[in-house]
Amino acid sequence: MQYNHRMTEQQKLNSAADANSLRSLVAEILLLLDQEWQPSEWNLSKQPVDELVGTILSQNTSDTNTHRAFTSLKSAYPDWQSVIQANTEDVIETIRSGGLANQKAPRIQAVLREVVDEGDSDPNATLLARLERMSPSEAMNWLSSFNGIGPKTAACVLLFGVGQPVVPVDTHVHRVARRIGLIGPRVSAERAHEDLLDIVPDEDSYRFHMHLIHHGRRTCKSRVPSCDTCVLSSVCDYQRFEAATELSAKQS
Ligand code: SF4
């Protein structure tokens, strides 16, 4: 028992040391990426219901289609209560330009029923106050408990609609974080939300999210990353592995 207890304590120390070195790595990455591009100011809408609906509409489609479907929904109905009460077929037609309308319309109506109270004249303010009373983890768990709301959607609502320090993990953030070595090679995007929350400082969550998306789109692309011109090459696990593989191939 004594031995196990010691091991547990040692494991805790190792894990704390790992987390500290990853936090230092995050700081270094942010400084390097600042040289490449400056993200805009943290654009906080304070409209979590709008963010929630917008993020559901953005699932598996482009920003342009999302914007088109969201604008169409907002102009077709005077308020969110009207969307809840509308015929689902009509909502499907209204958001058809956003893609997957047959899934998204009932999903939006179901989520709105959970978060919008009948007779509430300002559901954005009500939901904002509710989420602000929760810790980021509690808010993530609560939002993720609704059908069709995963950690990425929940994190987008909290980051952009409430200003909570969370890191939405989309395909770019997930790929870049794995390649650099901030998360393990087999860590899922869902799990990465928790892991990154632990190592990214609260005040840097928006900057980190925006930087990794930008870097993933421009440099660390899915099929062929541009490691030769990448500002992160000196701190990246993937680049170290590639360089070592190349060297051993030359020597053999
Ligand atoms: S060095 Fe290559 S793999 Fe690493 S972050 Fe840059 S582009 Fe991506």
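## Packing of H2 against H9

Helix H2 (residues 48–57) packs with helix H9 (residues 151–162) at an angle of about 140°, their axes lying 9 Å apart. Because angles under 35 degrees count as roughly parallel, over 145 as roughly antiparallel, 65 to 115 as roughly perpendicular and the rest as oblique, H2 is oblique to H9. The crossing of H2 and H9 is right-handed.

From H2, the residues Pro 48, Glu 51, Leu 52, Thr 55 and Ile 56 meet Thr 153, Cys 156, Val 157, Phe 160, Gly 161 and Val 162 of H9, contact being counted where C-beta atoms, placed from the backbone, lie within 7 Å. By class, this contact of H2 with H9 has 7 nonpolar, 3 polar and 1 charged residues.

## Basis of the model

This is a predicted model, in which local features need pLDDT of at least 70 and side-chain atom pairs count only at pLDDT 80 or more, while totals for chains, interfaces and linings use all residues. Residues are numbered from 1 along each chain as its sequence is written.

## Surroundings of the ligand

The ligand is surrounded by 14 residues, of which the closest are Cys 220, Pro 225, Cys 227, Cys 230 and Cys 236. Helix H10 (171–180) and helix H13 (237–251) are the elements that give two or more residues to this shell, and the largest share, 3 residues, comes from H10. By class, the shell around the ligand has 9 nonpolar, 4 polar and 1 charged residues.

## Ser 75 in H3

Ser 75 has its place in helix H3 (residues 63–76). Ser 75 counts as exposed because it has 9 C-beta neighbours inside 10 Å, the cut-offs being 12 or fewer for exposed and 20 or more for buried, with partly exposed in between.

Note on methods. Helix = DSSP H or I, 4+ residues; strand = E, 2+ residues; numbered from the N terminus. Axes fitted to C-alpha atoms, helices over the stretch in contact; angles between N-to-C directions. Left-handed = near helix turned anticlockwise from the far one by under 90°. Contact = placed C-beta atoms within 7 Å. Nonpolar A, V, L, I, M, F, W, Y, C, P; charged D, E, K, R; others polar. Near = placed C-beta within 6 Å.
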